Amino acid sequence: MAASFVTLVTSMGNITLELYTDHAPRTCQNFATLAERGYYNDCPFHRVIPNFMIQGGDPTGTGRGGSSIYGGKFEDEIHPSLKHTGAGVLSMANSGEDTNGSQFFITLAPTPWLDGKHTIFGRVHSGMKVIQRMGIVKTDKDDRPVDKLSILKAIVVEGA
């Protein structure tokens with residue numbers, strides 16, 4: 001069984017994420033196992049779009065890398081009761097249906113157009129102020145943070 005919580009120690013502060021293990025068990029297992037293995041340590045948030053989302057989970061920092069614990073990409077776990085209703089939703093980044101790897105994003109606002117297209121597998125449990133600050137960092141023309149913004153360490157926590 002996947003962990004219930006993962007804390008991301010970031011360059012701007014700590015964020016604790018609650019994982020929806022009942023709704024997206026394989027996605028949560030992937031995320032928690034990658035965290036446990038140190039995969040996300042020193043991993044950048046490579047994309048920040050104000051009033052939309054922050055994205056990370058690609059160790060290459062390009063937005064094109066990353067892999068799952070399942071050996072490549074894995075299928076979506078879309079749950080009809082879970083929606084991108086506001087800030088703090090934790091979702092898998094993908095390049096189309098059933099292309100989940102290691103990349104994820106956290107919403108900064110409601111993003112209903114993503115419903116049914118991205119697996120929602122958790123939410124921000126604590127550290128929303130950190131997320132809000134991340135969402136307003138200076139970025140370049142490609143939405144990449146100008147100053148390094150990264151996960152220093154990901155820690156699996158059983159009951160936060």
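Guide: Start with a pair of residues: Leu 8 has Ala 154 in β8 as its bridge partner. Residues are numbered from 1 along each chain as its sequence is written, and side-chain values use heavy atoms, with hydrogens and water left out. This is a predicted model, where local features need pLDDT of at least 70, side-chain atom pairs count only at pLDDT 80 or more, and totals for chains, interfaces and linings use all residues.

The bridge belongs to a pairing. Strand β1 (residues 5-10) and strand β8 (residues 150-157) run antiparallel and share 6 bridges. Two strands count as paired if DSSP finds at least two bridges between them. Strands are DSSP runs (E, at least two residues), numbered from the N terminus.

β1 has another partner. It pairs with strand β2 (residues 13-19), also antiparallel, over 6 bridges. Here Phe 5 stands opposite Glu 18 in β2. The two strands form a hairpin, with 2 residues between them.

How enclosed is β1? Of its 6 residues, 5 are buried, so the strand is largely enclosed by the rest of the structure. Buried means under 20% relative accessible area, exposed over 50%, and partly exposed in between (1.4 Å probe, protein chains only).

Now step back. In all, 8 strands close into a barrel, in the order β1-β2-β7-β5-β6-β4-β3-β8, with antiparallel pairing. From one strand to the next, the twist averages 35 degrees. Axes are lines fitted to C-alpha atoms, and angles run from 0 to 180 degrees between N-to-C directions.

Elsewhere in the barrel order, look at β5 and β6. Strand β5 (residues 89-92) and strand β6 (residues 104-107) are antiparallel, joined by 3 bridges. Ser 91 stands opposite Phe 105 in β6.

Next, a loop. Tyr 70 sits between β4 (53-56) and β5. Its relative accessibility is 29%, so Tyr 70 counts as partly exposed. Setting aside neighbours within four places in sequence, Tyr 70 is in contact (heavy atoms within 4.5 Å) with Arg 26, Gln 29 and Asn 30. Val 130 is 60 residues from Tyr 70 along the chain, and their C-alpha atoms are separated by 31 Å.

Key. Helices (H or I, at least four residues) and strands (E, at least two) are DSSP runs, numbered from the N terminus.
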